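Have the model open as you read.

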Amino acid sequence: MQSEDARYLKRKVKGGSLDVHPTEKALVVQYEVEATILGETGDEMLGDRKKCQKIIRLKSLNTNTDVAALARKVVEECKLIHPSKLSEVEQLLFYLQNRKKASGKAEKRVVKPRDLTPFEGMEIDEEANINKVEEYVELLYEGMEEKVKGATLILHLARNPVNLEELLENETALGALARVLREDWKQSVELATTIIYVFFCFSSFSQFHGLVTHYKIGALCMNVMEHELKRYDLWQDELQKKTRTYILHFRKEHEKAFKKYQGLLVKQEQLLRVALYLLLNLAEDTRTELKMRNKNIVHMLVKTLDRENEELLVLVVSFLKKLSIFLENKNDMAEVDTVERLSRLVPCEHEDLLNITLRLLLNLSFDTGLRIKMVQVGLLPKLTSLLGDENHKQMAMCILYHISVDDRFKSMFAYTDCIPQLMKMLFEHGEERIDAELISFCINLAANKKNAQLICEGNGLKMLMKRALKLKDPLLMKMIRNISQHDGPPKHLFIDYVGDLAAQITPDENEEYVIECLGTLANLTIADLDWELVLKEYNLVPYFKDRLKPGSAEDDLILEVVIMIGTVSMDDSCAAMLAKSGIIPAIIELLNAQQEDDEFVCQIVYVFYQMVFHQATREVIIKETQAPAYLIDLMHDKNAEIRKVCDNTLDIIAVRVSSCVTSLSLSVTPGGVSSSCNPSLSEGYPPVTPVSLRGILL
């Protein structure tokens, strides 16, 4: 058929059903349009039908409205409704008048696109009408001013979610918008902002993401961002040049140039904000997010962190936070000065911006290199200052906890007000369970000597012990155990609590709690401490002997018993008591069972090292056990600590044996010839404390 044959267009509108709008005070009129092209003779050449709907919004409808009068007005003005349906219209209006409002949650979800108002000055006097979309599309083919007007009118329609379905079916309108954006975005910031905002309205709903992708709006937004960031650099350079030129002689010209720069910056940030919001919506699909990464989205976002616009910064940091959960994106952030640029935002007066910045820093703090940068740029005291802010202390504490994992940075906390704040938080919990983040942070800090001294200041240790013993809290006791490992004043404070700790070591107590109590006691290598009295008063030797049996308890508890025996064996009378109790054969049996565990082997050998200093235990070890043979064999162990302790132990045994031979004396007595061997402790072998192979961090 030739187009010249078509002479007439016949259009027929057929009314349909009526219904109320699901969320708004409006009537929905369904109707059908039948278009027929007639030839020169009046014959039908081509026909098509399309189902449409019209929304009749009733802004004046309220509880006092005369429903009958309003129904007559609606029927008179809307030609799609037949007068015979007047009673039906009246019933629907009555229903709308009495319908309860939707819940706040549903309303928020429906009007989501209208929540974003990224730019001002785009309002127009004309009210947009969904039935005039074709007219608005025609404006997109005119001059720049008309294009902006047409795009703005379509935007007003798109900001109402009710219109999105109908706009979706209008491929001509969407295609025209995409074409104009692609061809003219460099010519007008207002036009680019408006059209991207239209597609942003679609991107707010996942089911429309395919439409936005189809028109390649995401790729266009990436190009827009890249171009605008380059323009920003040029503006900065130009402004600096003009500043140097004008500031001395042409003050008015400088003010004029700066005012122009500010106006350009406002418009540019409006464009960046709406483009970024659209990209953030599309990034719900990880495949789309990967495409963005390949186009350098991370570097562009980090570069935008230099801006002062807080609303734009909230969006940028939110985007970076979303990206940071993937290793590749995190590595991209590590390559540029992300942490340095974020540090200026901590703290800031904008609550949402501060909150999202802390969350991004938390994600980045899992990386060792980025934690180092956080310390280098001075974030440690800034984050510490936020511990007193109820809204942000949890995030700040989590980041500080990650920093405290590194031994290099533990001592730095002593030069802030961090520890007093943490102690206050601990004691404010009363008898409630302490937050995992708080107690974990305290455990890490207590591993540093200077921090431990600060914790113990005043009645710090007394309060901690009182709470730990009352609540039998294993984590709090772990913190106390870390404090007890440091030589100096803090360790001597524990003398007052030896009895309390020893009383906790019973089969009835929780094993995790007992482990920490044992570990704390084992750290108390204090010369004035009467360990023999402690062992007898709290009947600990039978407990030790029972726990040395392989499989009698968890390995961690058995190991702590071995370490405790090593500590008390420094005392001669304790060593003799342990030898008489039969603990040494039990230790040998445990060595056989745990010979593949370096930590067990190291600590058992250390027990032998302590016991060979004392005659009573030395005789048992040398004559009644295979310990010397084990020690000789372990001299070739791959673990350096084990070799070191074995060498020292065997050296002491050798010295004792040679001492017995050289000091052997014969004397004639009435009873005959007698010999004696009374070696004294060699001064050449001070006690050796093997380095623990286990970490003490939570």
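## The chain as a whole

Accessible areas here come from the Shrake-Rupley method with a 1.4 Å probe. By that method the protein chain exposes about 36,000 Å², and carbon and sulfur atoms supply 50% of that area. Keep in mind that this is a predicted model.

As for secondary structure, the protein chain has 39 helices and 5 strands. Its 698 residues include 48% that are buried. Now take the contacts in the protein chain with a separation of 6 or more: 69% of them come from residues 24 or more positions apart.

## A run of glutamates on the surface

Which residues form the negative surface patch? They are Glu-134, Glu-135, Glu-138, Glu-142, Glu-145 and Glu-146. Two helices, α5 (133-139) and α6 (144-158), each supply at least two residues of this patch. The biggest giver is α5, which puts in 3 residues.

Let's pick out one member. Glu-146 sits in helix α6. Is Glu-146 exposed or partly exposed? Its relative accessibility is 33%, so Glu-146 counts as partly exposed.

First, a bit of background: most residues other than glycine have a negative phi, and most peptide bonds are trans.

Start with the two positive phi values. Lys-216 is not a glycine, yet its phi is positive at about 55 degrees. You'll find Lys-216 in the loop between α10 (209-214) and α11 (217-249). Is Lys-216 buried or exposed? With 59% relative accessibility, Lys-216 counts as exposed, because the cut-off for that label is over 50%. Asn-539 is another non-glycine with a positive phi, this time of about 50 degrees. Asn-539 belongs to the loop between α31 (531-537) and α32 (540-547).

Then there's the peptide bond. Where is Pro-347 in the chain? Look in the loop between α17 (338-343) and α18 (351-364). The bond leading from Val-346 to Pro-347 is cis, and its omega is near -5 degrees.

How values were computed:
Residues numbered from 1 in each chain as written. Predicted model: local features only at pLDDT ≥ 70, side-chain atom pairs only at ≥ 80, totals over all residues. Heavy atoms only, no water. Helix = DSSP H or I, 4+ residues; strand = E, 2+ residues; numbered from the N terminus. Buried < 20%, exposed > 50% of the residue type's maximum accessible area, 1.4 Å probe, protein only. Patch = residues over 30% accessible without salt bridge, like charges linked within 9 Å, V, L, I, M, F, W, Y side chains within 5 Å. Salt bridge = Lys/Arg side-chain N within 4 Å of Asp/Glu carboxyl O. Lys, Arg positive; Asp, Glu negative; His and termini not counted. Charge placed at Lys NZ, Arg CZ, Asp CG, Glu CD. Contact = heavy atoms within 4.5 Å.
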